[in-house]
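Take a look at the aromatic rings in this model.

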Amino acid sequence: MPSVAAKAPRRRSIFRFLRWIALLVLFVLLLPYMLTPLYRYVTPVSTLMVWRWLNGNPVQRTYVPIADMPRAIPLSVIAAEDARFCQHGGVDWRGLREALDDADSWQEARGGSTITQQVAKNLFLWPGRSFLRKALEMPLAVWIDLVLPKQRILEIYLNIAEWGPRGQFGIDAGARYAFRKPARQLSAREAAMMAAILPNPHRRSAQKPGPGVRRLAGIYTARARGQPAGCLNLSN
């Protein structure tokens, strides 16, 4: 049988290995918090974009500053995705409670997911619904809201969200796919149509909109007209 002295180095090796694993996990968890301040100035990409690149799939994306977009685009997306975007601190606790009350389960409560949470998911996490992802997403969203201006958060979202079925990321690539024109030329109705295909541009189409998409576009067009956007500087 191995002596106690012989077992000691083995234990130290195991503890050293576990310590390195713990440090690696801690680094992975903290990395998004370290990267977020850089995204105030650096153009980010989403994890889904990276995944498509790694798998050899095409990615179409032209980053467009929010100042170069018609105001109907950000206002329609806020109306569609997160009406209290300018009021909450990354997580809309009131909206989340309402979504949970209306849903049969946590997984069905998509309505509680803010634009900031979707930015956290798109930048650092993975698609799909799970308690683990939500547990990581919520504090990240609070941090993003704390570190980045609201206008920058929305600009990032508009440029990393998936807007088409064939690797179109960002509103400009989506607009060119759906309407054969750049985002800066979209009308208010077309902007609302783009907002209506979120969050699933694989099932919904702005290019060939069905009755549901057209109905939602009408709703978002009306909401965008009266949408308060005090946290944004939209001059066009």
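Rings of Phe, Tyr and Trp (its six-membered ring) pair if their centres lie within 6.5 Å; planes under 30 degrees apart count as stacked, over 60 as edge-to-face and the rest as tilted. This is a predicted model, where local features need pLDDT of at least 70 and side-chain atom pairs need pLDDT 80 or more, while totals for chains, interfaces and linings use all residues. Residues are numbered from 1 along each chain as its sequence is written, and side-chain values use heavy atoms, without hydrogens and water.

A search of the whole structure finds two aromatic pairs. Tyr33 and Trp143 form a tilted one, 6.1 Å centre to centre with 50 degrees between the planes. This pair links distant parts of the chain: Tyr33 lies in helix 1 and Trp143 in helix 6 (residues 131-147), 110 residues apart. Helices are DSSP runs of H or I, at least four residues, numbered from the N terminus.

Tyr39 and Phe124 are stacked, because their ring centres are 6.0 Å apart and their planes meet at 25 degrees. Tyr39 is in the loop between helix 1 and helix 2, and Phe124 is in helix 5 (residues 115-124).

Now turn to Thr36. Its place is in the loop between helix 1 (4-35) and helix 2 (47-54). Is Thr36 buried or exposed? Thr36 counts as buried because its relative accessibility is 1%. Buried means under 20% relative accessible area, exposed over 50%, and partly exposed in between (1.4 Å probe, protein chains only). Thr36 touches Phe124 and Trp143, among others, not counting residues up to four places away in sequence. Contact means heavy atoms within 4.5 Å.

Notes
Helix = DSSP H or I, 4+ residues; strand = E, 2+ residues; numbered from the N terminus.
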